[in-house]
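Student: I have a new structure to read. Please show me how to go through its features.

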Amino acid sequence: MRISEVARAAGCSVRAVRHYHASGALPEPARTAGGYRDYGLADLAALLRVRALVDAGITLADIRSDSSSLIDAALHRIDSQLAVLRLLALQAGELGLPADV
């Protein structure tokens with residue numbers, strides 16, 4: 001796959017893929033004889049992993065370090081955000097319950 005195809009498959013821009021490569025969070029794929037990046041399924045999986053971690057609030061520097069606790073840190077951040085959202089919904093009375101309950 002070319003960079004535009006892998007970016008489209010991952011739901012991001014070509015610029016984002018290049019940024020992930022430049023930051024070291026995403027390894028460079030093999031290159032064709034013409035010098036183009038040649039992405040395979042493993043490269044797409046790595047890109048999807050980076051995107052998921054970034055979406056969960058993990059920094060590119062932390063992703064680059066490949067710490068084994070990245071997923072745990074991401075899940076902890078998501079749980080914290082959900083707890084805040086639940087409290088805000090409770091405070092606003094927006095629990096999706098009928099008013100007479």
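**Reading the salt bridges first**

Tutor: Start with Glu 28, which is partly exposed, with a relative accessible area of 42%. Buried means under 20% relative accessible area, exposed over 50%, and partly exposed in between (1.4 Å probe, protein chains only). This is a predicted model: local features need pLDDT of at least 70, side-chain atom pairs count only at pLDDT 80 or more, and totals for chains, interfaces and linings use all residues. Residues are numbered from 1 along each chain as its sequence is written, and side-chain values use heavy atoms, with hydrogens and water left out.

Student: How many salt bridges does the structure hold?

Tutor: A salt bridge is a side-chain nitrogen of Lys or Arg within 4 Å of a carboxyl oxygen of Asp or Glu. The structure holds two. Arg 31 pairs with Glu 28, with the closest N and O atoms 3.3 Å apart. Arg 37 also meets Glu 28, at 2.9 Å from N to O.

Student: Is Arg 37 buried or exposed?

Tutor: Arg 37 counts as buried, at 17% relative accessibility. Arg 31 is partly exposed, at 47%.

Student: How do I read a helix such as H3?

Tutor: Helices (H or I, at least four residues) are DSSP runs, numbered from the N terminus. The expected span is 1.5 Å times one less than the number of residues. H3 covers residues 41-55 and reaches 21 Å from its first C-alpha to its last, close to the 21 Å expected. Just after H3, Gly 57 takes a positive phi of about 95°.

Student: Which residues of H3 are buried?

Tutor: An α-helix has 3.6 residues a turn, so residues three or four places apart point the same way. In H3 the buried residues are Leu 44, Leu 47, Val 50, Arg 51 and Leu 53. They pack against helices H1 (3-10), H2 (14-23), H4 (60-65) and H5 (70-92). Contact here means heavy atoms within 4.5 Å.

Student: What is the relative accessibility of Val 84?

Tutor: Val 84 is at 47%, so partly exposed. Val 84 lies in helix H5.

Student: Which element has the lowest mean pLDDT?

Tutor: pLDDT is the predictor's confidence in each residue, from 0 to 100. H5 has the lowest mean (78) and H2 the highest (96). For the protein, the mean is 85, and 89% of residues reach 70 or more. Where pLDDT is low, the predicted coordinates should not be read in detail.

Notes
Helix = DSSP H or I, 4+ residues; strand = E, 2+ residues; numbered from the N terminus.
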